[in-house]
Amino acid sequence: MQLEHTGGGEYLARSESDGLPYMVDVLDNSGKGSCQCKDFSCRRKKHQDDEFDPNAVRQSGSCKHLHAAKQHFLTLILPKLANNQKDK
């Protein structure tokens, strides 16, 4: 999967299976995240009442695009943002 950070918590994820681009926002829905793919929509409806665990990278209503974007955000983007705040 190709993943491009477009700013903030937003990503453009290009699916390997069909090549379609999906917008992903890891900060949407109070930090639960969102994706425009069908898989996310179906899983979100199925698990919409599940408790949110902020320590879990993969939630039950997630998809592979959101999972990849969260991993990238937590390991590369968030530490950079934290360092920028320290320098101020």
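Guide: Before we begin, one term is needed: helices, of at least four residues, and strands, of at least two, are DSSP runs numbered from the N terminus. Please note also that this is a predicted model.

Visitor: Which residue of β3 is the bridge partner of Glu-10?

Guide: Strand β2 covers residues 10–14 and strand β3 covers residues 21–25; the two run antiparallel and are joined by five bridges. Glu-10 also has Gly-7 standing opposite, since β1 and β2 pair in the antiparallel sense. In β3, the bridge partner of Glu-10 is Asp-25.

Visitor: What is the phi of Gly-8 in the turn between β1 and β2?

Guide: β1 and β2 pair over five bridges. They form a hairpin with two residues between them. Gly-8 lies in that turn, and its phi is positive, at about 60 degrees.

Visitor: Is Ser-30 buried or exposed?

Guide: Most residues other than glycine have a negative phi. Asn-29 has a positive phi near 55 degrees, and Ser-30 has a positive phi of about 55 degrees. Asn-29 is partly exposed at 36% relative accessibility, whereas Ser-30, at 74%, counts as exposed.

Visitor: Which element gives the most residues to the largest nonpolar core?

Guide: The largest nonpolar core has 13 residues, and those with the most contacts inside it are Tyr-11, Val-24 and Cys-35. At least two residues of this core come from each of β2, β3 and α2 (64–87). The element that gives the most, with four residues, is α2.

Visitor: Why does His-65 count as buried?

Guide: His-65 is found in helix α2. Leaving aside residues up to four places away in sequence, His-65 touches Met-1, Ala-13, Ser-15, Tyr-22, Val-24, Cys-35 and Cys-37. Buried means under 20% relative accessible area. His-65 counts as buried because its relative accessibility is 4%.

Visitor: Which residues does Cys-35 touch?

Guide: Cys-35 is among the residues with the most contacts inside the largest nonpolar core. Not counting residues up to four places away in sequence, Cys-35 touches Tyr-22, Met-23, Val-24, Phe-40, Cys-63 and His-65.

Visitor: What is the accessible area of the nonpolar patch formed by Leu-74, Leu-78 and Leu-81?

Guide: Leu-74 lies in helix α2 and is partly exposed, with a relative accessible area of 41%. Leu-74, Leu-78 and Leu-81 form the patch on the surface, and together their accessible area is about 240 Å².

Visitor: How much of the accessible surface of the protein belongs to carbon and sulfur atoms?

Guide: Of the 88 residues in the protein, 26% are buried. The accessible surface comes to about 6000 Å², and the share belonging to carbon and sulfur atoms is 49%.

Notes. Residues numbered from 1 in each chain as written. Predicted model: local features only at pLDDT ≥ 70, side-chain atom pairs only at ≥ 80, totals over all residues. Heavy atoms only, no water. Core = buried A, V, L, I, M, F, W, Y, C linked by side-chain atoms within 4.5 Å. Buried < 20%, exposed > 50% of the residue type's maximum accessible area, 1.4 Å probe, protein only. Contact = heavy atoms within 4.5 Å. Areas by Shrake-Rupley, 256 points an atom, 1.4 Å probe, with all protein chains shown as cover. Patch = residues over 30% accessible without salt bridge, like charges linked within 9 Å, V, L, I, M, F, W, Y side chains within 5 Å. Salt bridge = Lys/Arg side-chain N within 4 Å of Asp/Glu carboxyl O.
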